[in-house]
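This report covers aromatic pairs, helix packing and the nonpolar core of one model. The structure is shown first, and the description follows.

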Amino acid sequence: MNRQGAVGALLDIYEQAILDLTNVIKSIPDDALTIIIDEETTNEDCKSIQTILSHVVSSGYSYAISIHNLKGPTIQRPDKIFHLTIAEYLTDLTNVFLFTENIFKEIKDDELEQFDDSLKIKTGWGQLYDIEQITEHAIVHILRHKRQIEKIKSGKLN
């Protein structure tokens, strides 16, 4: 983690966020993955640690694919996968970062910010983001779910 330029800074911070998340989840026992932690939520992505992690991985690919699809031939987001082991999620998180890093090989620092809305990424939830904004969103997304899992670990699993 010592890349150059604005792209390098974003990748360094994203990699650190993923490493921080992996450090939080690696001690979670596999049999805790599918425990329903919030029976009240209507958000299917937040019912268990398994659904949270599957959502994080799937979203990570979506962000990178959205960036790729601005410039390259369109590729589809992979299906969401639900694993039964933490080891599989650790591998997935590593692979999400490697995939993202590979997408960014084609991105130059001066392409990060875009002021023309017609050249921005329209997210699935309707917002327009340039590459920098969607990458910052991806970083905060990891951090928010890391915080959520930390709270689960301190309250519901111990």
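## Aromatic pairs

Three aromatic pairs occur in the structure; rings of Phe, Tyr and Trp (its six-membered ring) pair if their centres lie within 6.5 Å, and planes under 30 degrees apart count as stacked, over 60 as edge-to-face and the rest as tilted. One of them joins Tyr14 and Phe97, a tilted pair with 6.1 Å centre to centre and 55° between the planes. Because Tyr14 lies in helix H1 and Phe97 in helix H3, this pair ties together parts that are 83 residues apart in sequence. Tyr14 is buried at 3% relative accessibility, and Phe97 is buried at 5%. Buried means under 20% relative accessible area, exposed over 50%, and partly exposed in between (1.4 Å probe, protein chains only).

Trp125 and Tyr129 form an edge-to-face pair, 6.1 Å centre to centre with 65° between the planes. Trp125 is partly exposed, at 45% relative accessible area, whereas Tyr129 is buried at 13%.

## Basis of the model

The model is predicted: local features need pLDDT of at least 70, side-chain atom pairs count only at pLDDT 80 or more, and totals for chains, interfaces and linings use all residues. Residues are numbered from 1 along each chain as its sequence is written, and side-chain values use heavy atoms, with hydrogens and water left out.

The axes of helix H2 (residues 49–71) and helix H4 (residues 131–155) come within 10 Å and cross at roughly 175°. Helices (H or I, at least four residues) are DSSP runs, numbered from the N terminus. Axes are lines fitted to C-alpha atoms over the stretch in contact, and angles run from 0 to 180 degrees between N-to-C directions. H2 and H4 are therefore roughly antiparallel, a label for angles over 145 degrees, while those under 35 count as roughly parallel. The residues of this contact divide into 13 nonpolar, eight polar and no charged. Ala, Val, Leu, Ile, Met, Phe, Trp, Tyr, Cys and Pro count as nonpolar, Asp, Glu, Lys and Arg as charged, and the others, Gly among them, as polar.

H2 and H3 pack at an angle of about 10°, with their axes 9 Å apart, and are therefore roughly parallel to each other. Among the residues that meet here are Val57, Gly60 and Tyr61 in H2 and Val96 and Phe99 in H3. By class, the contact of H2 with H3 has 13 nonpolar, six polar and one charged residues.

## Val96

Val96 belongs to helix H3 and is buried at 2% relative accessibility. Leaving out residues up to four places away in sequence, Val96 touches Tyr14, Val57, Gly60 and Tyr61, where contact means heavy atoms within 4.5 Å. From Asp45, Val96 is 51 residues away in sequence and 18 Å away in space, C-alpha to C-alpha.

## Nonpolar core

The largest nonpolar core has 41 residues, and those with the most contacts inside it include Tyr14, Leu53, Phe104 and Ile149. Such a core is a set of buried Ala, Val, Leu, Ile, Met, Phe, Trp, Tyr and Cys residues joined through side-chain atoms within 4.5 Å. Helix H1 (5–25), H2, helix H3 (86–103) and H4 each supply at least two residues of this core. H2 gives the most, with ten residues.

Apart from neighbours within four places in sequence, Ile149 is in contact with Leu21, Val24, Ile25, Ile28, Ile52 and Leu53.

Technical notes:
Angles under 35 degrees count as roughly parallel, over 145 as roughly antiparallel, 65 to 115 as roughly perpendicular and the rest as oblique.
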